[in-house]
Amino acid sequence: MYDAVMWPFERAAVGAWRRSLALAAHGRVLEIGAGTGSQLRWYAPGVDVTALEPDESMLERARRRASRAAAHVTLVQGRAEELPFDDASFDSVVSAFALCTVADPAAALRELRRVLVPGGTLLLLEHVHLAWEPGRALQTAAAPAWAAAAGGCRLDRDTVRFVHEAGFAVLEERAHIAGWVREARAQSPLGLRGDT
């Protein structure tokens with residue numbers, strides 16, 4: 001049902017945001033939470049994309065979209081909190097509406113930092129916990145029921161704050177829908193892998 005529910009939003013605005021995100025990715029790209037592959041169509045030819053998704057049924061649907069993508073796409077089943085990749089394996093990481101569903105976003109961001117090259121790019125398109133009331137309080141109240149109905153998706157994640165706390169430098173940030181959806185471009189630290 002995911003694609004059917006998302007279809008009107010993809011047509012209205014989300015597709016354009018996804019395209020912008022994908023076109024900013026470069027080199028060896030890791031996409032986490034690839035879902036049904038909605039993001040894959042937007043990557044440029046010549047980009048090498050590894051798309052990670054934990055759910056086998058969503059991954060099956062993503063396989064069909066990967067076969068039609070202009071970029072070279074490799075699909076991998078796995079979780080963002082335990083990435084099956086070597087240190088400094090990717091130049092860019094893309095997360096489009098994915099960090100809301102991971103069980104431990106801090107662990108996932110540590111893993112993303114590990115697999116990015118020093119100075120690598122983290123590109124985000126995420127819905128976040130609103131900064132204003134009563135919106136924030138309503139999200140907090142609805143979060144448990146929403147997560148149960150929406151595959152673990154949390155309405156109350158302060159994702160951009162988590163990115164800062166993981167040691168990334170947020171270079172650009174754009175807000176959409178009264179601050180509910182955020183686009184961000186961040187950079188992994190330039191120092192040694194063990195730096196904090």
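Biologist: Is Trp132 buried, exposed or partly exposed, and what is its relative accessible area?
Modeller: Buried means under 20% relative accessible area, exposed over 50%, and partly exposed in between, with a 1.4 Å probe and protein chains only. Trp132 is partly exposed, at 40%. Trp132 sits in the loop between β5 and α4 (135-149). Its C-alpha atom is 8.8 Å from that of Gly179, which is 47 residues away along the chain.

Biologist: What kind of model is this, and how are residues numbered?
Modeller: It is a predicted model, where local features need pLDDT of at least 70, side-chain atom pairs count only at pLDDT 80 or more, and totals for chains, interfaces and linings use all residues. Residues are numbered from 1 along each chain as its sequence is written, and side-chain values use heavy atoms, with hydrogens and water left out.

Biologist: How many helices and strands does the protein chain have?
Modeller: Both are DSSP runs numbered from the N terminus: helices are H or I with at least four residues, strands are E with at least two. The protein chain has five helices and seven strands. Along the sequence, the pattern reads α-β-β-α-β-β-α-β-α-α-β-β.

Biologist: What is the order of the strands in the sheet?
Modeller: Two strands pair if DSSP finds at least two bridges between them. Here the seven strands form an open sheet, ordered β3-β2-β1-β4-β5-β7-β6, with mixed pairing. β3 (72-77) and β6 (169-176) are the edges; each has a single partner strand, so one side of each lacks a neighbour in the sheet. From one strand to the next, the twist averages 15°.

Biologist: How many bridges join β6 and β7?
Modeller: Seven, in the antiparallel sense, with β7 covering residues 181-187.

Biologist: Which strands does helix α2 touch?
Modeller: Contact means heavy atoms within 4.5 Å. For directions, axes are lines fitted to C-alpha atoms, for helices over the stretch in contact; angles run from 0 to 180 degrees between N-to-C directions. Helix α2 (residues 56-68) packs on the sheet and touches β2 (48-53) and β3, its direction making about 170° with that of β3. Helix α3 (residues 105-115) also packs on the sheet, touching β1 (28-32), β4 (90-96) and β5 (116-127). The direction of α3 makes about 140° with that of β5.

Biologist: What does Pro105 contact, beyond its neighbours within four places in sequence?
Modeller: Pro105 contacts Leu99, Arg157 and Phe162. Pro105 lies in helix α3 and is buried, at 10% relative accessible area. Pro105 and Phe162 are 57 residues apart in sequence, yet 7.4 Å apart in space, C-alpha to C-alpha.

Biologist: Which side chain does Thr36 meet in a polar contact?
Modeller: A polar contact is a pair of N or O atoms within 3.5 Å; within protein, one must be able to donate a hydrogen and the other to accept it, and residues adjacent in sequence count only if both atoms are side-chain atoms. The side chain of Thr36 meets that of Arg65 at 2.9 Å. Thr36 is in the loop between β1 and β2 and is buried, at 4%.

Biologist: How many aromatic pairs does the structure hold?
Modeller: Rings of Phe, Tyr and Trp (its six-membered ring) pair if their centres lie within 6.5 Å; planes under 30 degrees apart count as stacked, over 60 as edge-to-face and the rest as tilted. The structure holds one pair. Phe85 and Phe90 have ring centres 5.1 Å apart and planes at 85°, so the pair is edge-to-face. Phe85 is buried at 17%, and Phe90 is buried at 6%.
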